[in-house]
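The sequence and structure are shown first.

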Amino acid sequence: MKPVAFEYCRPDTMDEAMELLAEFGGDASVISGGLSLGAMLNMRLVRPAALIDINRLDDLADIRIGDATATTGALVRQAAAMNFPGVMSGVPLLAKALPWVGHYQTRSRGTLGGSVAHADPSAEIPLTLVTLGGAVKLQSPGGTREVPAREFFLGLLTTDRRADELVTSLVWPLRREKTGYAFEEIAQRHGDFAITAVAAEATVGNDGNIADLSFGLGGVEDRPIVADTAGFIGKPATQDTADEIANTVAEAVDPMIDMQANADYRRQLVRVLGARVLSAAFNDAKSAREAS
Amino acid sequence: MLRIKPDQKKRVTLTVNGKQVSGFAEPRLLLTDFLRHELNMYGTHVGCEHGVCGACTIIIDNVATRSCLRYAVQCDGMELRTVEGLADADGTLNALQKAFNENGALQCGFCTAGILMSATKFLQENPKPTREEVVDMLSGHICRCTGYEQIVRAILQAGGQ
């Protein structure tokens with residue numbers, strides 16, 4: 001399996017990258033780590049006229065920790081994020097999700113931005129960004145814009161990115177007070193594509209009730225989604241409530257069917273993993289409250 | 001900016017196991033194929049060509065990664081380490097290779113080059129890994145002969161445990 005012949009373009013500056021995007025638009029593929037795109041090129045699932053290699057745009061490898069958010073450049077390798085203490089302590093859900101992403105030998109090269117731009121529905125990094133309510137920053141020859149993660153993913157491998165835009169960075173809300181985080185998934189082999197991945201951010205008040213909740217699901221529908229849990233705000237943050245939320249959400253989702261699993265199995269994973277992850281997030285929130 | 005036309009061959013010069021070597025590559029030539037067919041270095045194996053099996057893993061600029069998901073033209077000027085660089089010039093195996101030999105950590109050998117290069121970088125970062133850490137690192141490789149247990153033992157032995 002070899003890719004189709006393509007023109008190789010390696011910009012040294014952002015301006016050059018913009019020129020190339022203006023020239024090729026949708027006929028080009030942008031490559032960063034290439035862990036997903038490289039496989040698709042080799043299988044000829046994508047047949048670009050040009051490959052725009054952004055690996056020399058060093059500015060895109062920056063990580064900035066602000067007052068309320070962490071901003072990771074599109075080129076930040078997954079392993080680099082795992083080795084960056086400010087990301088691991090500041091964005092606990094990402095810290096919990098990254099060990100599930102691929103393997104030691106793929107995280108070393110695979111990027112956070114590439115995973116988001118690729119938009120595999122089962123991918124952990126998009127799910128984490130959506131669960132936390134983060135954002136995607138994009139740049140085109142016409143300017144820059146920031147899209148909320150929950151509006152960025154449109155479907156299977158499809159995003160709101162326009163053909164002449166480059167994902168430049170991701171914006172991650174930092175850890176919040178009295179809030180707990182949990183992440184888990186089931187895959188055929190650790191590091192493979194998740195059949196279902198579940199993430200939660202839960203804030204628990206001093207009264208022990210749920211004050212805020214974001215319950216994210218990956219690999220279930222054609223994009224990472226946040227379940228509607230508004231009806232459970234104010235309920236006690238207990239295992240019983242976790243079970244109830246997971247059971248309710250499992251009935252509401254419209255799961256994908258593929259070679260790995262049918263809809264019933266995915267619903268069952270939402271129930272089992274969901275109850276586990278919600279309960280873990282509640283407990284994590286209580287620990288965070290006691291520690292503060 | 002560097003631009004190479006689809007049918008244009010560009011000279012690629014890189015350092016492999018301390019030696020400067022060069023060959024020609026059109027943009028779509030995979031680094032694995034460049035190593036094997038341009039440089040005649042057959043130690044790096046080609047398995048799935050989509051990053052899953054791990055057979056092609058080598059060390060590029062000090063990072064253990066898949067060489068089937070890289071293009072040779074991306075690697076101009078870079079420093080590579082491949083399985084050919086592990087043993088001494090006279091063929092004496094290094095400690096990791098000896099541990100593989102002593103523990104029966106290979107049978108057909110197809111996956112071995114990739115695992116050796118992963119383990120080389122992994123032990124450099126984490127010289128005394130736990131069993132769990134070794135197993136987690138090995139999840140990025142597929143071996144159809146050994147059942148992995150002997151490989152885990154060999155890497156732990158090379159790590160001095």
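Two residues are in contact if their C-beta atoms, placed from the backbone, lie within 7 Å. On that criterion, 29 residues of chain A are in contact with 28 residues of chain B. This is a predicted model, in which local features need pLDDT of at least 70 and side-chain atom pairs count only at pLDDT 80 or more, whereas totals for chains, interfaces and linings use all residues. Residues are numbered from 1 along each chain as its sequence is written, and chains are lettered from A and ligands numbered from 1 in the order in which they are written.

**The side of chain A that touches chain B**

Helices (H or I, at least four residues) and strands (E, at least two) are DSSP runs, numbered from the N terminus. The elements of chain A that give two or more residues to the side touching chain B are E1, helix H2 (37-42), E3 and helix H6 (104-107). Of these, E1(A) gives the most, with 4 residues. By class, this side of chain A has 12 nonpolar, 9 polar and 8 charged residues. Here Ala, Val, Leu, Ile, Met, Phe, Trp, Tyr, Cys and Pro count as nonpolar, Asp, Glu, Lys and Arg as charged, and the others, Gly among them, as polar.

**Strand pairing**

Two strands pair if DSSP finds at least two bridges between them. An open sheet of 4 strands has the order E2(A)-E3(A)-E1(A)-E1(B), with mixed pairing. Its edge strands are E2 of chain A and E1 of chain B, each of which pairs on one side only. The twist averages 15° from one strand to the next; axes are lines fitted to C-alpha atoms, for helices over the stretch in contact, and angles run from 0 to 180 degrees between N-to-C directions.

| Strand pair | Sense | Bridges | Opposite residues |
|---|---|---|---|
| E1(A) and E3(A) | parallel | 3 bridges | A:Glu7 and A:Ala50 |

In the hairpin of E4(B) and E5(B), 2 residues lie between the strands, and B:Asp61 in the turn has a positive phi of about 45°.

**Helix H1 of chain A**

H1(A) lies across E1, E2 and E3 of chain A and runs at about 160° to E3(A). A residue is buried if 20 or more other C-beta atoms lie within 10 Å of its own, exposed if 12 or fewer, and partly exposed in between. In H1(A), residues 14-24, the buried residues are A:Ala17, A:Leu20, A:Leu21 and A:Phe24. Seen down the helix axis, the buried residues of H1(A) fall within an arc of 100°, so they line one face of the helix; the arc is that of the directions from the helix axis to the C-beta atoms. On the other side, A:Asp15 and A:Ala22 are exposed. The cover over the buried residues includes strands E1 (7-10), E2 (28-31), E3 (50-53), E6 (135-140) and E10 (166-173) of chain A. Just after H1(A), A:Gly25 takes a positive phi of about 50°.

**Helices H10 and H11 of chain A**

H10(A), residues 239-252, and H11(A), residues 263-291, pack at an angle of about 145°, with their axes 8 Å apart. Their contact has 9 nonpolar, 4 polar and 3 charged residues. Among the residues that meet are A:Ala242, A:Ile245 and A:Val249 in H10(A), and A:Val270, A:Leu278 and A:Phe282 in H11(A).
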